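Hello,

Here is the structure we discussed handing over.

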Amino acid sequence: MLGPPVFAFLFPHDPKPAGSLLAVLVGSSALVAAMCISAAAALSRAEHLVYSVGWVVAAVVTVICLMVPLPLDQRALLALVAGPAAGLLVHGIGIAATRSKVLPS
């Protein structure tokens with residue numbers, strides 16, 4: 001909501017992005033941040049496979065999304081959201097599956 005006016009103020013001679021575009025970019029950033037936190041959580045449980053698979057799935061989904069037959073801007077936004085969301089899902093499922101597992105002290 002505040003993004004387009006801020007961009008118009010900071011860059012008066014450039015075209016201002018739509019608020020929906022900025023919302024998707026912020027949401028994608030939040031997904032990547034959540035994935036970084038979930039990756040650390042997986043490593044703290046000594047679940048290195050979950051950690052690795054989450055990042056690999058995120059990368060593969062991102063590349064696949066870039067190859068779908070959509071306009072470039074839509075493909076890019078889809079890849080920015082779907083990749084981290086898929087990786088976060090893998091991390092979440094992996095952490096939940098090992099939640100009851102007790103690690104030796």
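**Cysteines, rings and a serine**

Cys 65 counts as buried, because its relative accessibility is 9%. Please keep in mind throughout that this is a predicted model.

Cys 65 takes part in no disulfide, and the cysteine sulfur nearest to its own, in Cys 36, lies 19 Å away. A disulfide needs two cysteine sulfur atoms within 2.5 Å, so the 19 Å from the sulfur of Cys 36 to that of Cys 65, its closest, is too far for a bond. The number of disulfides in the structure is zero. Cys 36 has a relative accessibility of 41% and therefore counts as partly exposed, whereas Cys 65 is buried.

On the aromatic side, the structure has one pair. It is formed by Phe 7 and Phe 11, with ring centres 5.9 Å apart. Their planes stand at 40°, which is why the pair is classed as tilted; the tilted class lies between stacked, under 30 degrees, and edge-to-face, over 60. Both partners count as partly exposed: Phe 7 has a relative accessibility of 33%, and Phe 11 has 40%.

The last item is Ser 28, which sits in helix α2, spanning residues 19–44. Is Ser 28 buried or exposed? With a relative accessible area of 5%, Ser 28 is buried. Leaving aside residues up to four places away in sequence, Ser 28 touches Leu 80 and Val 81.

Regards

Methods
Residues numbered from 1 in each chain as written. Predicted model: local features only at pLDDT ≥ 70, side-chain atom pairs only at ≥ 80, totals over all residues. Heavy atoms only, no water. Buried < 20%, exposed > 50% of the residue type's maximum accessible area, 1.4 Å probe, protein only. Phe/Tyr/Trp six-rings, centres within 6.5 Å; stacked < 30°, edge-to-face > 60°. Helix = DSSP H or I, 4+ residues; strand = E, 2+ residues; numbered from the N terminus. Contact = heavy atoms within 4.5 Å.
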